[in-house]
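Hi,

Here is the structure I promised to pass on.

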Amino acid sequence: MLKGKTAVITGSTSGIGLAIARALAEQGADIMINGFGDAGAIETERARLEADFGVRARYSAADMSKGAEIAAMIETATAELGSVDILVNNAGIQHVSPIEDFPVEKWDAILAINLSAAFHAIRAAVPGMKARKWGRIINTASAHSKVASPFKSAYVAAKHGIDGLTKTVALETATFGITANSISPGYVWTPLVEKQIPDTMAARGLTREQVINDVLLTAQPTKEFVTVDQVAALAVFLCGDAASQITGTNLSMDGGWTAG
Ligand code: NAD
């Protein structure tokens, strides 16, 4: 379905981004992955994309908190792979703290990586998409782009911001064959979430089931995690012809969280 297309997925060395990268590669897209981590592990994932799906795969170490590096990443992807047809703005970090204690540098980093990075990447990628009259921009937002939770001021502000950015870009690009949408997962089962469980069990004297149901999934009515593959399948759908009239939306995949 995506043979001949090229996708850049930010924050794709783990979790949701890696699943999206693999799902787009499975559809035939050439891929540029990005993110931090162990160099050997990243090279293994890059090589697996090529071996498993017969596509070209590149890695960019660009830091999503730095606008110039983001623009250079889009330039490199265009030079090495021919174009950037699909842009998935997915890199994200979190910090949890009452607002009066919220470290200023954490606020700046979350706004930079979770919101401004998407601006820089979209700004750099849109001219090529407009010229080719085809593009797909997918922003990984969050249930926190629609509702708030205490102690997550920067994350909630950035994710609400990405919703506004997505809608604006959708309107600006609507007549160029480009769509721009957000995907808003609730709690997704990633290594990041899994690693929190033993510590929370110890800190609160709870069982594994109590941590999952009463702490992690307290806001998620289905009491089940979203999987990375479910998020990736929605991203693939948004890249297809069936989704060409879906633009400017913010699609929830949150087990009912934001219905309440
Ligand atoms: P993750 O920690 O597994 O992945 C985050 C990725 O971003 C990693 O590849 C990391 O290296 C990269 N990254 C972080 N800082 C970076 C920087 N400065 N420059 C480049 N890359 C950087 O987390 P995840 O759960 O897969 O999260 C991916 C996205 O999904 C984030 O935007 C997050 O807010 C969003 N999200 C996650 C959940 C969840 O429950 N896991 C729910 C809703 C939304």
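Predicted model: local features only at pLDDT ≥ 70, side-chain atom pairs only at ≥ 80, totals over all residues.

H4 supplies the largest share of the lining of the largest cavity, namely four residues. A cavity here is a set of points on a 1 Å grid over the protein atoms alone where a 1.4 Å probe fits but cannot get out, and lining residues have an atom within 4 Å of a point. Residues are numbered from 1 along each chain as its sequence is written, and side-chain values use heavy atoms, with hydrogens and water left out.

Back to the cavity. Its volume is about 80 Å³, and a search of the whole structure finds one cavity of 30 Å³ or more. A volume is the space filled by probe spheres set on the grid points, which are joined across faces, edges and corners. Among the residues lining the largest cavity are Thr 10, Met 64, Asn 90, Ala 118 and Lys 159. The elements giving two or more residues to that lining are H4 and H5. By class, the lining of the largest cavity has six nonpolar, five polar and one charged. In this scheme Ala, Val, Leu, Ile, Met, Phe, Trp, Tyr, Cys and Pro are nonpolar, Asp, Glu, Lys and Arg are charged, and the others, Gly among them, are polar.

Now the pockets. A pocket is an open set of points with protein on both sides within 12 Å along at least five of seven lines. The largest pocket has a volume of about 1,400 Å³. It has 47 lining residues, and Gly 92, Gln 94, Tyr 155, Thr 190 and Leu 192 lie nearest its centre. Two or more lining residues come from each of helix H1 (15-26), helix H5 (153-173), helix H6 (191-204) and helix H7 (208-216). Which helix gives the most to this lining? That is H6, with seven residues.

The ligand is surrounded by 28 residues, the closest being Thr 13, Ser 14, Asn 90, Tyr 155 and Val 188; a residue counts if one of its heavy atoms lies within 4 Å. That shell has 13 nonpolar, 13 polar and two charged residues.

- Ser 14: an N or O atom of its side chain is 2.5 Å from a ligand oxygen.
- Tyr 155: a polar side-chain atom is 2.5 Å from a ligand oxygen.
- Phe 36: a backbone N or O atom is 2.8 Å from a ligand oxygen.

Taken alone the ligand exposes 820 Å², and the protein buries 89% of that (Shrake-Rupley method, 1.4 Å probe).

Last, the second largest pocket holds about 190 Å³ of space. H4 gives the most to its lining, with seven residues, and Phe 119, Arg 123 and Leu 165 are among the residues there.

Cheers

Definitions and conventions
Polar contact = N/O pair within 3.5 Å; in protein donor to acceptor, adjacent residues only side chain to side chain.
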